[in-house]
Amino acid sequence: MSKNSKVLNLKDKISGNEVDLSLCNLTEVPVRELALFTKATVVDLSCNNITSLPPEFCNLTHLVKVDLSKNQLTCLPDDLGNLASLQHLDLYNNKLTVLPVSVSQLRSLKWLDLKDNPLEAGLAKAAGDCLDEKQCKQCATKVLQHMRDLQDEVDRVRAKRLLREKELERKREVKQKEREAKDKEARKREKAEEKEKRRKEYNAQMAAAAAREQQKKKNEEKKKKNGQAADKKAAVQKTAKPRRSLVGLMFKLLLLLLLGLAGVAAACRLTDLQKEAVCVPVNVAVDDGLSWAKEQEVVVRQLVQNLSSAAKEFLESTQQASKN
C-alpha cells in the first residue's frame with residue numbers, strides 16, 4: 001500500500017475531530033499520517049495487534065483522547081509525557097507491567113484505564129479497579145501521583161548519582177593534582193640531586209686540579225732547591241778542584257826538580273863527570289849541603305816528617321776526590 005492510499009484511507013476514517021482505526025488489524029501506529037491531521041484530536045486504535053508505540057508517537061502533542069485498549073502493548077515510549085494535551089488514555093487489556101516515569105508530566109490527564117494488565121504491585125495498587133467512570137478518574141489522579149513519587153525518587157537517585165559522580169570526579173581531580181604535585185616535586189628533587197651531583201663532581205675536579213697544581217709547585221720548588229744545591233756543590237767542586245790540582249802540580253814539579261837535582265848531583269859525584277867544570281859547583285854545593293845537613297840533622301828530620309805528612313794528606317785527598 002502506497003503512502004497516498006494510506007492517507008486516502010485515513011481520510012475515510014476521520015469524522016470531525018475523531019479518527020477511528022479500531023479493528024483494522026494494525027501492528028503499528030500510522031504516526032506520519034496522524035501527524036498530517038492535527039485537528040483529529042481523538043484517536044481510536046483499539047482491538048488491533050499493536051505491540052509497541054514508536055518514539056515519534058510522542059510528537060503528536062495535539063492528541064486529547066487515545067484509545068489503545070485490547071492490543072498487545074508491552075511497553076510505552078519513554079517520552080510519553082510530551083503529550084501535554086492528553087486528557088483521556090485507555091490502556092485496558094494489554095500486557096503492560098510498568099509505565100514510563102514521564103507519565104507524571106501528563107498534567108492534563110483526567111481519565112485512565114489500566115485494568116487487565118500484569119502491572120507491578122505498586123502501580124496496580126495506585127491504579128485500582130477502574131470499573132466505572134469515577135474509578136478511572138481516580139486512577140488517573142493516583143497513578144499520576146504514584147508516577148510523580150517515582151519521578152521524585154528517580155530524581156533523587158539521579159541527584160545522588162550525579163553528586164556521587166561529582167564527588168568521585170572531585171576526588172579524581174584531587175588525586176590527579178596530588179599525583180602531579182608529587183611528580184613535580186620528584187622532578188624538582190631529581191634536578192636538585194643532579195645539580196648537587198654535578199656540584200660535587202666540579203668541586204672534586206677543582207680540588208684535584210688544586211692538589212695537582214700544589215704538587216707541581218712542590219716538585220718545582222724541590223727541583224729548584226736540588227738544582228741550587230747541585231749548582232752550589234758543583235761550584236764548590238769546581239773551585240776546590242783547581243786548588244787541589246794546583247797543589248798537586250806544584251808538588252809534582254817540586255818532586256821532579258828534586259829528582260833532577262838528585263840525578264845531577266849523583267851524576268857529578270859518581271861518574272867521570274865530577275871533574276868537569278859543570279859539575280864542580282854542583283859537587284861544591286852538594287858537599288856544602290851535606291855539611292849543612294849534618295849540622296841541621298834535626299831540622300832535616302823535621303822537614304822529612306813534614307814532607308811525609310804532606311805527602312800522606314795529598315794521597316788521601318786524591319783518593320777522596322777520585323771517590324766523589
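**Close-up views of a predicted model**

**View 1. The lining of the largest cavity.** The lining residues divide into ten nonpolar, no polar and no charged. The model is predicted. Leu-53, Phe-57, Val-66, Leu-68, Leu-76, Leu-80, Leu-83, Leu-86, Leu-89 and Leu-91 form this lining. The space inside the largest cavity is about 40 Å³. Searching the whole structure gives one cavity of 30 Å³ or more.

**View 2. Contacts of Phe-57.** Phe-57 belongs to the cavity lining. Leaving out residues up to four places away in sequence, Phe-57 touches Val-29, Val-31, Leu-63, Val-66 and Leu-83. Val-66 and Leu-83 also line the largest cavity.

**View 3. The largest nonpolar core.** This core has 42 residues. Phe-57, Leu-91, Leu-99, Leu-112, Leu-114 and Val-143 have the most contacts inside it. Two or more core residues come from each of helix 2 (31-35), strand 6 (111-113), helix 3 (121-127) and helix 4 (133-270). Helix 4 gives the largest share, six residues. In soluble globular proteins, nonpolar side chains tend to be buried together.

**View 4. Cysteines without disulfides.** The structure holds zero disulfides. For Cys-130, the nearest cysteine sulfur is that of Cys-139, 3.5 Å away. A disulfide needs sulfur atoms within 2.5 Å, so Cys-130 is in none. Cys-130 is buried, at 1% relative accessibility. Cys-136 is in no disulfide either, and its nearest cysteine sulfur, that of Cys-130, lies 4.4 Å away. Cys-136 counts as buried because its relative accessible area is 3%, and the cut-off is under 20%.

Methods. Residues numbered from 1 in each chain as written. Predicted model: local features only at pLDDT ≥ 70, side-chain atom pairs only at ≥ 80, totals over all residues. Heavy atoms only, no water. 1 Å grid on protein atoms, 1.4 Å probe; cavity = no way out; pocket = protein on both sides within 12 Å on 5 of 7 lines; lining within 4 Å. Points joined across faces, edges and corners; volume = space filled by probe spheres on them. Nonpolar A, V, L, I, M, F, W, Y, C, P; charged D, E, K, R; others polar. Core = buried A, V, L, I, M, F, W, Y, C linked by side-chain atoms within 4.5 Å. Buried < 20%, exposed > 50% of the residue type's maximum accessible area, 1.4 Å probe, protein only. Helix = DSSP H or I, 4+ residues; strand = E, 2+ residues; numbered from the N terminus. Contact = heavy atoms within 4.5 Å.
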